[in-house]
Amino acid sequence: MQLYISTTALTVAVLTSLLALYSVIKARRSQVKLMQSEEQLRLSLWGSGDELWDWRIDQAQLYRSSSWKVPVEESTNAADFPPNKQQIHPNDLSRVQTLLQQHLAGETEYFEATYRIKSSNNNWTWVLDRGKAVTFDAEGNATRVTGTLRNIQHLIQAEEQMQLLVRCLETISDAVMVCDHNFTILDVNPAFKKITGLSQKRVINKQFQLSLHSSDFMADIRTKLSQNDHWSGEIREQRPNGEIYYAKLTFDAVKDEQQQTSQFVAVLSDITERKRREVELNNLVNKDTLTGLPNRSVFIQQLSAIVTRDTEYAILAFDLDNFKKINDSLGHELGDNLLCKITARLSQIAPYKDALYRLGGDEFAILIQQPKSTASVESIAKDLLVLINQPFFVNKHELAISCSIGIVTYPKHGKDAQVLLRNADTAMYNAKSQGANRYLFFNDSMNQLAVKRLQIENLIRHGLKEDYFCVYYQPKLNITTGELAGMEALARFNTPKGGLISPANFIPIAEETGQIVEIGEVILRKACQDVKSWIDQGLFSGKVAVNLSSRQFSLPYLCEQIDQILAETGLASFHLELEITEGTVMQSPTLAIETMKKLRARGMHLAMDDFGTGYSSLAYLKQFPLNTLKIDKVFIDDLNTARGRNMVDTIVTIAHNLNLTVVAEGVEQAEQVEQLHKLRCEIIQGYYYSKPISGNEFKLLLQDIKQERLALAMSNSSSKS
């Protein structure tokens, strides 16, 4: 019995030991599994980048794992609400508290909030915080909340970049369009409607098309994109309301991961305003701003293109006769209106329509392609003269004008654009010099004259520089007393090699080029110097007459220039008489009267030269502050007829009634002197008394006159004694 009990006790003890050992082994296995599970959880959290947190509300404890490269700052206080209150950005705190309170109150199934939290490097990091209450007390209040904290800083930054990109696309002034690989429109930005006039709804899922371009144009775009993944060019398109706009269009291919084209992105930049400015600039460069005709630059380009073709052309260059007088007498505004009227008249008639150019001022050109014959060109020129001769009504004025035409043909008269135009101008100049209102074809003799004219122009320029201009004097004779009444100073051009050049050769060229202004100043200064010298020598006490050209007379500083010359030479103003042609003063009578009054106020005498050859009225003649009237040689030559004598008699009578002295020019015969004496003309000038002579010769003449006077005085003295 005892043995039995001992055996039973031993068995129980063994079993108990085995159970204990089994429990230990089982516990150890559970612990290993738990450790493995925790390791797996830790690795999972580490791999996901999330942090695990466990908030025991009832114990005021917060546990947080850290799997972040830059962990969250650890200074937490579980008694705070929420327990990481100190790390939450102040601007986000109230929102986090509200969301957490709603979950703890059972209003939401989960707690979820995005906010900024301070990391251990003292920077703010965006996080996604998610959690859930897992245990509750008897009253249903949450006692434990667990969750994860995810770093979403990179997602926020990506979202911000995306939002920035969206805002840029919404606000950019260029239109942006996304198409699939078949050019079906997937999306457009707001600027697309502003530029194209087409709304997003109207174009989405529609094929992109260009209504004003051919299908070949779009095919070319597709081809270029398939080759280069890029296309760029300018387009002209129409909005739904009919407006035309211009845009720079750019296509770029978008590739997928397999480098296959998945979409195309297009950008349209509105260049309508730039195109408008380009057109305006082109008009400024290529079109005459007054008439709207192609200008000289375009004409030269056309001529340059002509000489590269095997085609005949005729060029008619023409300008208006005496257009300057219209400008000066009636104003430049009326002159401009006249040019516009001429343009309008010619532009409506073939063959001038689309062939007319304005070269500058009142000069035009007509370009005729493949003329049938020389006779047909002449016919066009004749018709042009007739059209121009028809009166123009401008600003209540009826204007009868004419033009002079120079004609050249290509290739006969030149194979270079500049040569053709120069020869046309030469022919036009010759037509004008032959009486105007006519046309002339260019010929070689004209070219010779043009070369000679250019040579004289250059010679004048050289002569002014080298002081080749001198003064000759033609005496004036008082018919009644037979004494010297004065003299006229005349410009002479004395070259070392060629000798004296006739005034008829150089004066017209100097007038046209403007060199006459400098020549006039030289002659005036030298004449004043000579006269002052003769006065100082007791040889002369009268007046010297000096011509003023129309260009000189229109100088705004004329009076000041004469004042300076008189001051430099020391000549008193009453010894100077200025001769002004009738045509000059009638270019602008009002301004002429003003200038003449200024000159008279300085003590100078004024003479009207070439009277009777212009068109001055008696009303104006009465207003001119003149001292002398000079009768032109054309009337003196006609004194042998009754009509001529009556004409001179009328002029002398008018002059005397105006208290003017009369001087007859070009007197060459004794019979003329006798007739003029009968007609009460006081002074004559011409070859009858003396031709123009040099300054030295005139000085000798003055010395002879002085000797004669002395001899006469001595003779009278002897007879009295």
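Two strands count as paired here if DSSP finds at least two bridges between them. Helices (H or I, at least four residues) and strands (E, at least two) are DSSP runs, numbered from the N terminus. With that in hand, look at Gly406, whose bridge partner in E17 is Leu440. That link belongs to a set of three bridges joining strand E16 (residues 403-410) to E17, and these two strands run parallel.

Before going on, some ground rules: this is a predicted model, where local features need pLDDT of at least 70, side-chain atom pairs count only at pLDDT 80 or more, and totals for chains, interfaces and linings use all residues. Residues are numbered from 1 along each chain as its sequence is written, and side-chain values use heavy atoms, with hydrogens and water left out.

Now zoom out to the whole chain. Its secondary structure comes to 24 helices and 27 strands. Of its 721 residues, 40% count as buried, where buried means under 20% relative accessible area, exposed over 50%, and partly exposed in between (1.4 Å probe, protein chains only). The chain exposes about 40000 Å², with carbon and sulfur atoms supplying 51% of that area; accessible areas come from the Shrake-Rupley method with a 1.4 Å probe, and for residues only the protein chains shown count as cover. As for contacts (heavy atoms within 4.5 Å), take those with a separation of 6 or more: residues 24 or more positions apart account for 58% of them.

Back to E16 and E17. They sit in an open sheet of five strands with the order E12-E13-E11-E16-E17 and mixed pairing. Strand E12 (356-360) and strand E17 (439-441) are at the edges with a single partner strand each, so one side of each has no neighbour in the sheet. On average, neighbouring strands of this sheet are turned by 25 degrees against each other, direction ignored. Such angles run from 0 to 180 degrees between N-to-C directions, and the axes are lines fitted to C-alpha atoms, for helices over the stretch in contact. Helix H12 (residues 417-433) packs on the sheet, touching strand E11 (313-320), E12, strand E13 (363-369), E16 and E17. The direction of H12 makes about 145 degrees with that of E16.

Follow the sheet to its E12 edge. Although E12 is an edge strand, four of its five residues are buried. E12 pairs with E13 in the antiparallel sense over four bridges, and Gly360 stands opposite Glu363 in E13. The two strands form a hairpin with two residues between them, and Gly361 in the turn has a positive phi of about 60 degrees.

The next sheet to visit is an open one of five strands, in the order E2-E1-E5-E4-E3, with antiparallel pairing. Its edge strands are strand E2 (61-64) and strand E3 (111-118), each pairing on one side only. E3 is joined to strand E4 (residues 124-136) by eight antiparallel bridges, and Lys118 stands opposite Trp124 in E4. Helix H2 (residues 90-104) packs on this sheet, touching strand E1 (50-56), E3, E4 and strand E5 (142-151), and its direction makes about 155 degrees with that of E3.

What about the nonpolar cores? Each is a set of buried Ala, Val, Leu, Ile, Met, Phe, Trp, Tyr and Cys residues joined through side-chain atoms within 4.5 Å. The largest has 78 residues, and those with the most contacts inside it are Ile460 and Leu676. Helix H15 (residues 516-536) gives the largest share of this core, nine residues. Leaving aside neighbours within four places in sequence, Ile460 is in contact with Phe469, Phe493, Phe506, Ile509, Ala510, Gln515 and Ile519. A second, separate core of 33 residues includes Leu293, Leu356, Leu399 and Ile407.

H15 also packs against helix H17 (residues 558-569), at an angle of about 35 degrees and with the axes 9 Å apart. Among the residues making that contact are Leu524 and Cys528 of H15, and Ile562 and Ile565 of H17.

Five bridges join strand E21 (residues 544-548) to E22 in parallel, with Ala545 partnered by Glu577. E22 also pairs with strand E23 (residues 605-611), again parallel and over five bridges, and there Thr581 stands opposite Asp609.
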